[in-house]
Amino acid sequence: MIKLTDDDFLRLVAYMKTNYGINLEKKRVLIEGRLSNYISGRGFKSFREFIDFAFADKTGKETMQLVNKLTTNHTYFLREPEHFEYLKSTVLPYLERTVKDHDLRIWCAASSTGQEPYSIVMTMDEYFGAKAGMWNLKILATDLDTDVLKKAKAAVYTEDMVKDVPADWLRRYFTKLPDGTYQVIPKIRNMVEFKQFNLMDKIVCTKPYDLISCRNVMIYFEAETKNALINRFYDVTKEGGYLFIGHAESAGKATRYTYVKPAVYRKISNKK
C-alpha cells in the first residue's frame, strides 16, 4: 500500500478545506485507505505524484475523482425519522395553507445516493394524495460527489438498503427488479431534480425555498464555514420557511434562524 507522507496529507487537507469546506485533519487513515489502491491502480508510485497530476489537470476531472473518493456518503431511507414525521404533521400542512401558487420550493442540499430526497417526495406524495396533481412537488437535490449523483438518478437499491422502508411504501413506490434489487418508480424519480453543487459556492435561486434540508454534512465543516453556509441558507429561505439539519449538528447561537426543536429551525424575521 502506498503510504501518505506528512506533506502530502497536509496538501490534501488544505485543498479540501479551502475548496469544499471539508475538514479532514483527523481523517488521515481514511485518506490513505480510500486513495492508496486507487492511486496505485492508476499507475502512480506516490501520493505526491498523483496529487501533482490531479492539481495540474485543467479539466477538473481528476480533482473531482479525488473529491468523490474522499467524501463520506452514509445515508438510508427515512434516516432520523423525526424529520419526516414533522414534515408530514407540521411543515406540509403549513405550506398547504400558505403557498397560494401551489409551487413548493424544497431543496435537499446533501442528497448523497438519493434516499433522503426520495424519502421527502414519498412523504409529500402520501400527504397530498389525490390533491398531488394540483401541486408542483418537484424538489431540488444536490451533492458535491458526482458518482453518488449517478446512483441517485438510477434509484436502484439493494434489499438491505430498503429494509427501513415501510411495507406499503415498498409496494407503492418501488419496483422489484429481476436481480432482487429495488428501483424507485418513475413517478417518484421524476419529482427529484439532481444537480452537482458545492456548498461553498454562492447560492442562486429564482424563488426562496420553503424548506432546506442539509443534514449530516456540516459536521465535517469548521465553525466559520458552517456559520457562513447557514447564513447563505437563511438568505434564500422564504419567510416562515424551515431548515432541517442533522441531529448531531447545531445552527449555532448567532444564527438568524429561530430554533423550533432539535435539528429544526425556521425563518421568522419579525420575532416577538
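This report walks through the helices and sheets of one predicted model.

Residues are numbered from 1 along each chain as its sequence is written. In this predicted model, local features need pLDDT of at least 70, side-chain atom pairs count only at pLDDT 80 or more, totals for chains, interfaces and linings use all residues, and side-chain values use heavy atoms, with hydrogens and water left out.

**The seven-stranded sheet**

Helices (H or I, at least four residues) and strands (E, at least two) are DSSP runs, numbered from the N terminus. Two strands pair if DSSP finds at least two bridges between them. An open sheet of 7 strands runs in the order β6-β2-β1-β7-β8-β10-β9, and its pairing is mixed. The edge strands are β6 and β9, each pairing on one side only. On average, neighbouring strands of this sheet are turned by 20° against each other, direction ignored. Here axes are lines fitted to C-alpha atoms, for helices over the stretch in contact, and angles run from 0 to 180 degrees between N-to-C directions.

Helix α7 (residues 146-154) packs on the sheet and touches β2 and β6. Contact means heavy atoms within 4.5 Å. The direction of α7 makes about 165° with that of β6.

| Strands | Sense | Bridges |
|---|---|---|
| β1 (residues 106-108) and β2 | parallel | 2 bridges |
| β2 and β6 (residues 192-196) | parallel | 5 bridges |
| β7 (residues 209-214) and β8 (residues 237-245) | parallel | 5 bridges |
| β9 (residues 258-261) and β10 (residues 264-266) | antiparallel | 3 bridges |

Single residues mark these pairings. C108 has A141 in β2 as its bridge partner. I139 stands opposite V192 in β6. I212 stands opposite L243 in β8. K261 has V264 in β10 as its bridge partner. The hairpin of β9 and β10 has 2 residues between the strands, and A263 takes a positive phi near 70° there.

**Strand β2**

Buried means under 20% relative accessible area, exposed over 50%, partly exposed in between (1.4 Å probe, protein chains only). Strand β2 (residues 139-143) is mostly covered, with 5 of its 5 residues buried. In a regular strand the side chains alternate between the two faces of the sheet. Both faces of β2 are covered: I139, A141 and D143 are buried on one side, L140 and T142 on the other. The chain reaches β2 from β1 through helix α6 (residues 115-128), and this β-α-β crossover is right-handed. That means that, with the strands pointing away from the viewer, the path from the first strand over the helix to the second runs clockwise.

**The three-stranded sheet**

A second open sheet has 3 strands in the order β3-β5-β4, with antiparallel pairing. Its edge strands are β3 (156-157) and β4 (174-176), each pairing on one side only. Antiparallel β3 and β5 (residues 182-184) are joined by 2 bridges. Y157 stands opposite Y182 in β5.

**Helix α1**

Helix α1 (residues 6-20) has 15 residues, which at 1.5 Å a residue should span 21 Å; its end C-alpha atoms are 21 Å apart, which agrees. The expected span is 1.5 Å times one less than the number of residues. Its buried residues are D8, F9, L12, V13, Y15, M16 and Y20. Seen down the axis of α1, they fall within an arc of 160°, so they line one face of the helix. The arc is that of the directions from the helix axis to the C-beta atoms. On the other side of α1, D6, L10 and T18 are exposed. The buried residues of α1 pack against α2 (28-41), α3 (47-56) and α4 (61-70). Just after α1, G21 takes a positive phi of about 75°.
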